[in-house]
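I jot down what I look up as I go.

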Amino acid sequence: MNIHESEKLAGILTKLNYKPTEDFNFADVIVFNTCCIRETAEQKIMGHIGSIKKLKKSKPNLKIILCGCMTQQEGKGNEILKKYPYVDYILGTHNISDLENYLISQQNTKINVEQTDGYINDNLPVTRTSMPNAWVNIIYGCNNFCTYCIVPYVRGRERSRSLNSIKEEVQSLVSAGYKEITLLGQNVNSYGNDLNDETTFAKLLNELAKIDGKFRLRFMTSHPKDFTDEVIEAIASNAKICKHIHLPVQSGSTAVLRAMNRKYTREAYIKLVNKIKERIPSVGITTDIMVGFNGETEQDFLDTLDLVEKCRFSSAFCFVYSKRKGTIGYNMTNIVPQEEKKKRIKQLIELQNKITRQENIKYISNTFEILTEGKNDKYQNTYCGRTDCGRLVNFKSDCDIMNKFVKVKIVKGTTATLWGEVIEVE
């Protein structure tokens with residue numbers, strides 16, 4: 001989602017006849033698109049801002065602009081300006097379109113952070129950078145208020161785009177040669193709930209799958225509590241919809257899930273995974289798992305390991321909980337000691353890596369259609385792409401096969417990737 005928002009910022013700059021440069025020393029405008037999902041992201045961006053102090057001093061006309069989730073936090077703009085007074089302009093998440101007005105008018109206002117949820121602007125220019133992939137927002141904001149998460153406070157309430165505007169955008173992208181469209185939202189399963197016209201995420205998927213042309217549809221991210229049978233059926237019955245679902249579980253303990261305000265139990269999650277696998281046997285399910293949330297006991301953690309064993313994810317993003325100021329979890333007690341967190345995350349990663357290796361072996365000798373998305377620079381003439389079910393595959397080719405669909409036979413599997421041989425090019 002941040003990548004796509006940066007594409008919109010680049011679109012505004014391109015509209016104003018700016019051109020990109022990789023060298024800060026040649027820049028007339030530097031825009032930092034920030035994230036605050038974890039404290040380390042804030043620390044990193046603060047370091048980047050500090051590193052260009054000398055450049056700003058030598059180039060006083062250089063414009064330094066901040067926007068994104070970090071700046072939307074209450075009082076953050078003033079805090080940034082107090083520490084870095086040479087920053088020229090600070091925008092929030094709800095009004096990035098004001099970047100154009102600022103650069104045209106050179107106004108004196110330093111902070112322009114709207115506290116409302118804002119409106120959906122379907123007319124922002126976009127400079128896309130991810131061919132053959134394209135990102136398409138379908139819903140903004142989040143209504144869930146998980147106790148560890150800052151997103152609802154900086155992205156506002158859920159706001160869905162109209163089905164027709166999304167369909168028009170996807171049609172234009174397919175016509176322009178994009179071959180993989182990823183639908184974006186903090187919770188794509190909530191799409192349409194605020195439209196009051198019986199539009200649902202399942203209906204959107206079915207409508208987009210009717211668009212002519214050779215392309216694939218992916219989406220992220222899904223909330224387990226809102227993953228309906230209709231969505232499962234839409235994925236199962238449409239060849240253009242990839243058989244890959246990212247389904248964050250966060251914990252395998254019902255007690256911890258309740259403390260996180262996730263609104264489902266471990267039993268409900270396992271039941272949902274089994275239902276998906278039964279209807280879509282080739283599906284790849286990936287997840288996010290957090291260890292060390294406030295109050296997590298040893299038994300809670302063992303419940304998480306047990307859930308991982310039962311669900312057998314293709315892969316998982318495993319991380320240690322760190323509290324975020326502004327969330328309900330920030331003031332919770334029963335903090336898990338850091339050493340215990342380290343021990344648990346190590347166990348979890350070892351288990352998931354073992355499962356990933358075991359699952360990867362099952363792909364060997366099978367043939368898959370893969371969209372070539374990039375090159376593996378570690379190896380000569382080596383390309384990479386993902387299977388329909390989301391597995392990363394490396395394969396060699398002496399001819400240029402970028403942005404093409406290829407059929408690849410899998411010959412080897414490691415924890416991180418699969419290796420294959422090209423047997424057919426579109």
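Is threonine 182 buried or exposed? I looked it up: threonine 182 is buried, at a relative accessible area of 5%. My cut-offs are under 20% relative accessible area for buried, over 50% for exposed and partly exposed in between, with a 1.4 Å probe and protein chains only.

Before going on, a note on the source: this is a predicted model, where local features need pLDDT of at least 70, side-chain atom pairs count only at pLDDT 80 or more, and totals for chains, interfaces and linings use all residues. Residues are numbered from 1 along each chain as its sequence is written, and side-chain values use heavy atoms, with hydrogens and water left out.

**Entry: threonine 182**
I find threonine 182 in strand β8, residues 180-184. Helices (H or I, at least four residues) and strands (E, at least two) are DSSP runs, numbered from the N terminus. Setting aside neighbours within four places in sequence, I get contacts from threonine 182 to Ala134, Trp135, Val136, Arg218, Phe219 and Met220. Contact here means heavy atoms within 4.5 Å.

**Entry: the whole chain**
I count 14 helices and 17 strands in the protein chain. The radius of gyration is 23 Å, close to the 22 Å that the globule rule gives for 426 residues, so the chain is as compact as a globular protein of that length. That radius is taken over C-alpha atoms, and the rule is 2.2 Å times the number of residues to the power 0.38. Along the principal axes, the C-alpha atoms fill a box of roughly 60 × 55 × 50 Å. Of the 426 residues, 53% count as buried. I also checked contacts between residues at least 6 apart in sequence: 70% of them join residues at least 24 apart.

**Entry: charges**
The chain has 60 positive and 50 negative side chains, and the centres of the two sets lie 5 Å apart. Lys and Arg count as positive, Asp and Glu as negative, while His and the chain ends are not counted. Each charge is placed at NZ of Lys, CZ of Arg, CG of Asp or CD of Glu.

**Entry: rings**
How many aromatic pairs does the structure hold? I get 11 aromatic pairs. Rings of Phe, Tyr and Trp (its six-membered ring) pair if their centres lie within 6.5 Å; planes under 30 degrees apart are stacked, over 60 edge-to-face and the rest tilted. Tyrosine 89 and tyrosine 102 are stacked, because their ring centres are 4.1 Å apart and their planes are at 10°. This pair links distant parts of the chain, with tyrosine 89 in strand β3 (residues 89-91) and tyrosine 102 in helix α6 (residues 98-105), 13 residues apart. Tyrosine 89 is buried at 0% relative accessible area, and tyrosine 102 is buried at 2%.
Tyrosine 363 and phenylalanine 368 make a tilted pair, since their centres are 5.5 Å apart and their planes at 50°. Tyrosine 363 is buried at 12% and phenylalanine 368 at 19%. I also noted that ring pairs link Tyr148, Phe293 and Tyr321 into a cluster.

**Entry: around α6**
Which residues of α6 are buried? They are Asp98, Leu99, Glu100, Tyr102 and Leu103. These buried residues pack against α1 (2-15), β1 (29-34), β2 (63-68), β3 and β4 (111-112). Just after α6, glutamine 106 takes a positive phi of about 50°. Histidine 94 sits in the loop between β3 and α6, and I find histidine 94 buried at 12%.
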